[in-house]
Protein chains: 4
Amino acid sequence: MREKLYQIIKSPTEGNSETTLYDYFMMVVIILSLLPLTYKPEAEPHWVIYVEHIAVTIFIIDYILRWFVADYEYPGLKLPFLQYIYQPMPIIDLLSILPGILVSITYHNPEFMTLMLLRLTRLARVLRSLKILEYSHSFRVLRAVIKNSIRPLKAVLAFAITYIIISSLIIFHIEPGFKDFFEALYWATVSLTTVGYGDIVPTTMFGRIVTMASSIIGIAVIALPSGIVTAGYMKALEEEEEETNKDLK
Amino acid sequence: MREKLYQIIKSPTEGNSETTLYDYFMMVVIILSLLPLTYKPEAEPHWVIYVEHIAVTIFIIDYILRWFVADYEYPGLKLPFLQYIYQPMPIIDLLSILPGILVSITYHNPEFMTLMLLRLTRLARVLRSLKILEYSHSFRVLRAVIKNSIRPLKAVLAFAITYIIISSLIIFHIEPGFKDFFEALYWATVSLTTVGYGDIVPTTMFGRIVTMASSIIGIAVIALPSGIVTAGYMKALEEEEEETNKDLK
Amino acid sequence: MREKLYQIIKSPTEGNSETTLYDYFMMVVIILSLLPLTYKPEAEPHWVIYVEHIAVTIFIIDYILRWFVADYEYPGLKLPFLQYIYQPMPIIDLLSILPGILVSITYHNPEFMTLMLLRLTRLARVLRSLKILEYSHSFRVLRAVIKNSIRPLKAVLAFAITYIIISSLIIFHIEPGFKDFFEALYWATVSLTTVGYGDIVPTTMFGRIVTMASSIIGIAVIALPSGIVTAGYMKALEEEEEETNKDLK
Amino acid sequence: MREKLYQIIKSPTEGNSETTLYDYFMMVVIILSLLPLTYKPEAEPHWVIYVEHIAVTIFIIDYILRWFVADYEYPGLKLPFLQYIYQPMPIIDLLSILPGILVSITYHNPEFMTLMLLRLTRLARVLRSLKILEYSHSFRVLRAVIKNSIRPLKAVLAFAITYIIISSLIIFHIEPGFKDFFEALYWATVSLTTVGYGDIVPTTMFGRIVTMASSIIGIAVIALPSGIVTAGYMKALEEEEEETNKDLK
């Protein structure tokens, strides 16, 4: 019976229909459990607390069920039922349940916790949305591309950050309008990524020259991830094709 | 005679000059029929209603003519003249004619319909512009690319939406300036796509840090469709070349 | 002697050092001749008129010299010295000289022409800058890429314009803030190209939803030229390599 | 002993652990030495001057150590200890140390130098950050891509600048809002790179038409670096693979 249970709740790599059903059910629950986050604590409608309670209860059951079949999920562990608690995914699962329990306490004893702490728990609850990535097939293709490209993308990231810092240092000392270095850093990031809100703009001629040079070079910097991801995607397609050919033989 | 008629109005895959002529005529009519939409209902000049009437009349004739040769266009159907009405393209055709007829009623009996409904019909008329896609050759090449790329693009879309929602949730609870969650969602979408209007900007330090992290990661997210489309386009070119080689043999 | 002259002024495909020298000289003259355009007519300094006079004189000499060797430049023409005037490049050359002559008249007889006409001639003078493209080597590589990609890019352009028009039509009827359809068209273009000035932004919820959908789909539209240009560039590199291999054999 | 020293301070191509350690140490020192730059001269905290002193001292020691093993680092030179001073990298090293020494003078003799000069030295100190590029492995991969792409990227840069200048010239004479040509140039650069701050926007119909045309063509211009970098990256990957295959044989 425990094996049957594991077949249902494990990740859906083998296309078992019960597994897929369980996954879709969990995805709906996760999305519903994020609903309370779309309200400010002071403007939260009443029904939100019930949604929260139901979602947390389902998460707790899911956590216990997974614990129950830990020896199937982690066959390499010596003491699976004890070591399960210290595995990375179960820890994230537990962290994403915790705020829900804390919220329940807050509602029963309002003096117990301050509004500030409640906001903190809300932030922690955002972690829960990461669980969505666990339950979806289409992301696995992208994950292969990202895996292929992660090393050069890290180098580009380091390059872009260096570029942003140099731009910030130059503009911070040339343009008098910046309050502190962080503002210059924010301006350079928003400009390099071509978002360009326009809340902070250069007003002096030298500041504008730096902006122009920085923007033009920035296009080449932005072109780098594009090239890397394209190459990574083409490699992933080739590997897939090779595997299909192997399977046919 | 009905076969000759079908030769004229069918889609121009075989480069028949009469077909092409009919297509260009219809494209001009469609563009003219969109003219009323470029005016607000209260500021609409008089001549617009005549353009509308002529365009709708031509559309009705086109619809009847296509019905008349339905057995040529859909050879697989058993009762082509009856089943034609339920085919997807004829339904869109009919929907795009309907507002025109409704507008005529509105103008003859002004008490009949409210201004609000008229606005709704105007929106529905936008659907008509989709017909342009039906009548143009150059889009067929792009359609092949889009077809090649549609599955990974959907995965990227899901990834981007997840990314936008997570960014929105974080900024909504960190930055005090947002009225509701929808505003945070709007801000995140406008920022990730690097449009960056600047109507909603972070003002606190934490909000700006989230913006910076979000923008930099966003570049990699934007690079994904670029890579997918490039691969899809190169595949489409290869397939075309192979087909040309086959034809030559 | 006329052949020697032709060797000097012809386009520098064979790397003749005198040709290259002449090209660089002409490029400097063209850039100098654009200087008057960087001033508003009412704020133009005095020395600008002398720069203009010298540049126009050199252009006239260049035009006459090219006429003088027209039979070498256009060996296919029957009456090269007569037909030269009607060739596309000489016509552009003449058009770019004309404003300079007109400006001279304006300065000698100020009553002769209005300020408005002067502005028009100034705009026409911008055409002159197109001549720069004629005198530079590095652009020829890019021209090959653009030539490879021009047909699919045109299809993408048609696609993007259709997309912009549909977005404009929808937002124009949903968002009350737009004065006329042109403003909606301007907004859609600035948003799709991810420039996003923020001078016109949606303020209603429905307007923002349209903006969000439009921006996200827009990323895929922007990815198309990127893919086409990448494929076109790779093809250009391959062709170049093949040619080099042929030359070596 | 001098050979051992050279093993430690040389660039880490052979993965020597002592070399890597020295590199990481120097990277930390360089980043720390940039800290004073993140404060405005008038708001600089006291401890910053000590950080500056320590960093400059380490840089001087590094400079002397490298001089001491100049014959190992530049084996081709006849008089390595004399010619070392005129090598490009040592000159940059010296330039990046100089402001630190000048700052010390400023602090001991405040009358000696004006605040303005101090700002200039601060700018020069930004050069120091270029040293970071010297001490990092991950940038070497990117450097190969950039090297592959630098020639076509230069052509694109020239193309983009020509495009920006033409756009500026046209908008400057059509749109009355621009103060001088530099403002038009700044506007065109910010628009072409799709940053789009929105601090300078067209308000007339003709200005907006120019903006729309310019933005749409601009997308193709931005697609060019993307294509070039993609091709350059793929070539770099192929070359790397070929080299690995050679090493295996």
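How much of the chain over residues 184-202 of chain A is helix, and how far apart are the end C-alpha atoms? In this predicted model, where local features need pLDDT of at least 70, side-chain atom pairs count only at pLDDT 80 or more, and totals for chains, interfaces and linings use all residues, that span is 47% helix and 0% strand, with its end C-alpha atoms 10 Å apart. Residues are numbered from 1 along each chain as its sequence is written, chains are lettered from A and ligands numbered from 1 in the order in which they are written, and side-chain values use heavy atoms, with hydrogens and water left out.

Residues 184-202 carry the UniProt annotation "transmembrane region" (unreviewed entry), as do residues 20-37, 49-69, 89-107, 153-172 and 209-234 of chain A; such annotations may be inferred rather than shown by experiment, and their positions are given here in the numbering of the model, with feature names shortened. Residues 49-69 of chain A are 95% helix and 0% strand, and the end C-alpha atoms lie 31 Å apart. Helices (H or I, at least four residues) and strands (E, at least two) are DSSP runs, numbered from the N terminus.

Turning to the interface, chain A contributes 37 residues and chain B 42 residues to the contact, defined by heavy atoms within 4.5 Å. Between them the two chains bury about 3600 Å², 77% of it on carbon and sulfur atoms; buried area is the accessible area (1.4 Å probe) that two parts lose on being put together, summed over both. One salt bridge is counted between chain A and chain B, a side-chain nitrogen of Lys or Arg within 4 Å of a carboxyl oxygen of Asp or Glu. It pairs B:Arg208 with A:Glu183, whose closest N and O atoms are 3.6 Å apart. On the side of chain A that touches chain B, α7 (115-126), α9 (138-174), α10 (181-192) and α11 (205-248) each supply at least two residues. The largest share, eight residues, comes from α11(A).

Over all chains, a search of the whole structure finds 13 salt bridges. Within chain A, the side chains of A:Asp71 and A:Arg2 meet in a salt bridge at 2.4 Å, N to O. This pair links distant parts of the chain, 69 residues apart, with A:Asp71 in helix α4 (residues 70-73) and A:Arg2 in helix α1 (residues 2-9).
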